[in-house]
Amino acid sequence: MTTLTAQPALPLAPAQPPRRRRRWLAVATAFFLFVGGCAELPAQVDRPVSKALATPESTELGALTQSMRRGAGAPEVSGYLLLAGAQEAYAARLALVRGAQKTLDLQYYAIHADASSGKLLRAVHEAAGRGVKVRILLDDFHSTGRNAAVMRLAFEPNIEMRMFNPLAGSRSSFAARMLNAVDDASQLQQRMHNKLFLADNAMGVTGGRNLGDAYFGAGTDANFVDVDVLAAGPIVKDLSRSFDDYWNNELAYPVQSLVSREEIDKIRADAKHAREEEEKAGKDKPAPPDDSPMDLRKARFVWAPAVVLVDKPGKIPAGNGNGGGSGVAQPGLTVRGGGQAAGPLKAAAREEESVVDGLLSLFDHARTELNIVSPYFVPGDDMKRSLAAARARGVKVRVLTNSLASNDAVAAHAGYARHREELLAMGVELHEMRSDPEAAASMGKPGSGSGSTVSGSSGSGASSGPFGSTGSSAVGGSSRSMLHSKLLTIDGRLIVIGSMNLDLRSQLQNTEIALLIRSEELSRQANQRIEDSFRTGSWRVEKVDGKLVWRAPQDSGLKDSTTEPQTTFKQRMMVRIIGPLAPDRLL
């Protein structure tokens with residue numbers, strides 16, 4: 001029997017960042033609608049119902065959490081730790097894997113078959129070998145080619161893996177599956193974008209980061225700047241309830257119902273061959289994160305009330321892929337969080353249609369300041385009304401998003417750019433991230449404010465800015481930095497970290513999850529990083545004499561620009577060409 005230990009669990013080749021593919025849908029769907037598909041999803045699928053561990057207190061992670069809560073005098077609230085750097089984010093996940101005794105639950109939009117994911121998933125496989133029950137729920141959009149090798153875990157003891165909203169057809173290539181899915185464009189567009197990494201129902205990580213080299217500072221050409229939060233305590237049970245809702249949903253298909261072990265093994269063999277050819281060609285690659293787990297006993301959590309905001313799985317209608325179901329969407333926002341301390345938060349984040357709608361209702365409560373960090377910022381009419389109302393009340397509204405140079409999705413930038421002047425006219429401050437790797441050193445002190453302790457040194461060598469590694473560890477130090485953090489702070493007392501972008505795709509199509517935490521300390525930490533980014537890590541966009549001007553970051557040595565900075569003529573022309581073809585709702 002071939003096992004994951006006899007052969008590397010995942011090929012060590014870089015995978016295409018998922019956002020580039022996702023945003024391609026806005027253009028590609030128009031073409032694919034002219035082509036017919038043939039493969040179908042299985043109609044009869046056995047989905048045994050399972051739930052998160054009922055007694056997390058019986059595990060070492062649960063006992064550690066209880067001990068820390070007693071020490072902090074926080075019997076009703078949970079603990080939170082911002083994970084600012086790539087190595088810190090990896091070390092926290094590794095600590096959860098190695099510390100788990102009973103269960104590991106992973107929910108992701110994308111898991112890439114590369115070095116960083118390979119190391120982490122080998123640790124997950126080892127945990128299963130010592131008796132830990134593992135459940136992995138993965139959106140099916142990226143599971144083609146070498147990335148399909150991740151699905152091999154489903155055939156290992158103690159590991160269950162399900163694919164959410166799967167696309168029928170061969171997994172040998174991305175293009176082939178897109179052609180097969182054209183008879184239902186909505187299924188192609190609507191994806192499960194949630195991200196969770198939960199251990200023993202006692203501790204867990206959520207935020208914007210997928211699993212892959214580009215998310216852990218080890219990408220060859222580009223790296224995402226991201227932020228997560230490590231949570232401990234009762235709130236993890238609420239995160240687990242969300243996981244269970246999706247795991248037991250009719251859109252979650254066991255891997256074995258979609259693909260054979262032989263097909264996956266062939267994909268792995270092909271990927272291994274491709275990796276060997278790359279190695280023969282002498283292609284350099286940055287080192288993945290090192291294997292030093294975070295010392296959770298020394299982590300300095302901030303204890304505070306919070307609630308979970310999560311889209312209901314029914315936001316994506318079942319039955320799109322000919323596998324049965326009503327085909328009727330049933331969207332809705334679920335707000336979870338126990339204890340009296342969470343009561344006001346539940347009232348503020350009333351149950352709307354979606355996570356993004358819930359956030360817009362929070363905007364109505366802002367009185368002094370609203371800071372928004374969103375890599376893809378394409379505001380619809382509802383969002384613009386909320387922002388305009390906030391400005392009318394005298395609220396200072398500031399936005400950090402990608403510049404054209406740092407954006408991996410040209411279509412998304414085109415959507416944002418057409419709203420830029422209207423937002424400036426409202427009085428919204430716009431800041432666009434620098435793309436150069438030197439931004440890492442200028443965007444604040446490494447790990448500032450996180451208060452965590454990571455045993456061992458960072459093997460990746462990546463610099464840590466306000467929101468994590470900007471990829472300066474890549475070969476030659478020339479990798480592009482791309483914002484991927486999803487973060488809000490309101491009035492210096494509320495902070496939101498999650499998977500959502502502030503765009504119509506997150507609002508109307510994808511499912512999302514977020515933590516809303518009431519904490520002046522966490523807000524202070526986040527705002528410190530945001531301020532650093534505004535000052536030295538981004539361009540400020542202004543309108544002067546009827547024209548847009550990009551003000552250079554402080555002490556950067558860069559000059560103000562009257563065109564999209566750090567870009568080529570070809571990039572700027574692409575925005576002009578794609579813009580009219582890409583409606584906001586598809587971005």
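A salt bridge is a side-chain nitrogen of Lys or Arg within 4 Å of a carboxyl oxygen of Asp or Glu. In this predicted model, the side chains of Glu-369 and Arg-398 meet in such a bridge, at 3.3 Å from N to O. Glu-369 lies in strand β13 and Arg-398 in strand β14, so the pair ties together parts that are 29 residues apart in sequence. Both partners fall under the 20% cut-off for buried residues. Glu-369 is buried, at a relative accessible area of 18%. Arg-398 is buried as well, at 5%.

The wider setting is as follows. The protein has 587 residues, and 64% of them count as buried. Its secondary structure comes to 17 helices and 23 strands. Contacts between residues at least 6 apart in sequence were examined, and 81% of these join residues at least 24 apart. The protein exposes about 20,200 Å². Carbon and sulfur atoms supply 51% of that area.

Strands β13 and β14 belong to an open sheet of ten strands. The strand order is β12-β11-β21-β20-β19-β13-β14-β15-β22-β23, and the pairing is mixed. At the edges stand β12 (333–336) and β23 (547–551), each of which pairs on one side only. Neighbouring strands are turned by 20 degrees against each other on average, direction ignored. Strands of a sheet pair through backbone hydrogen bonds, either parallel or antiparallel. The antiparallel sense holds for β11 (residues 306–311) and β12, which pair over four bridges. Within β11 and β12, Val-308 stands opposite Arg-336.

Two helices accompany this sheet. Helix α10 (residues 355–363) lies across β11, β12, β13 (369–373), β19 (487–490), β20 (494–498) and β21 (513–518). Its direction is at about 135 degrees to β11. Helix α11 (residues 381–392) packs on the sheet and touches β13 and β14 (396–402). The direction of helix α11 makes about 140 degrees with that of β14.

Side chains of opposite charge can pair when their charged atoms come close. The count comes to 33 salt bridges. One of them joins the side chains of Glu-57 and Lys-237, at 3.2 Å from N to O. Glu-57 lies in the loop between α1 (18–32) and α2 (60–72), and Lys-237 lies in helix α7 (residues 234–247), so this pair ties together parts that are 180 residues apart in sequence. Glu-57 is partly exposed, at 36% relative accessibility. Lys-237 is also partly exposed, with a relative accessible area of 27%.

Another salt bridge brings together the side chains of Lys-119 and Asp-291, at 3.2 Å from N to O. The pair links distant parts of the chain, 172 residues apart. Lys-119 sits in helix α4 (residues 115–129). Asp-291 sits in the loop between α8 (261–280) and β10 (302–304). Lys-119 counts as buried, at 19% relative accessibility. Asp-291, by contrast, is partly exposed, with a relative accessible area of 40%. Salt bridges that share partners also form a network, joining Arg-152, Glu-156, Arg-261, Asp-265 and Arg-268.

The surface also carries a nonpolar patch of about 430 Å². The patch is made by Phe-569, Met-573, Ile-577 and Leu-581. Of these residues, Ile-577 lies in helix α17 (residues 569–578).

Key: Residues numbered from 1 in each chain as written. Predicted model: local features only at pLDDT ≥ 70, side-chain atom pairs only at ≥ 80, totals over all residues. Heavy atoms only, no water. Pairing = 2+ DSSP bridges. Axes fitted to C-alpha atoms, helices over the stretch in contact; angles between N-to-C directions. Contact = heavy atoms within 4.5 Å. Patch = residues over 30% accessible without salt bridge, like charges linked within 9 Å, V, L, I, M, F, W, Y side chains within 5 Å. Areas by Shrake-Rupley, 256 points an atom, 1.4 Å probe, with all protein chains shown as cover. Buried < 20%, exposed > 50% of the residue type's maximum accessible area, 1.4 Å probe, protein only.
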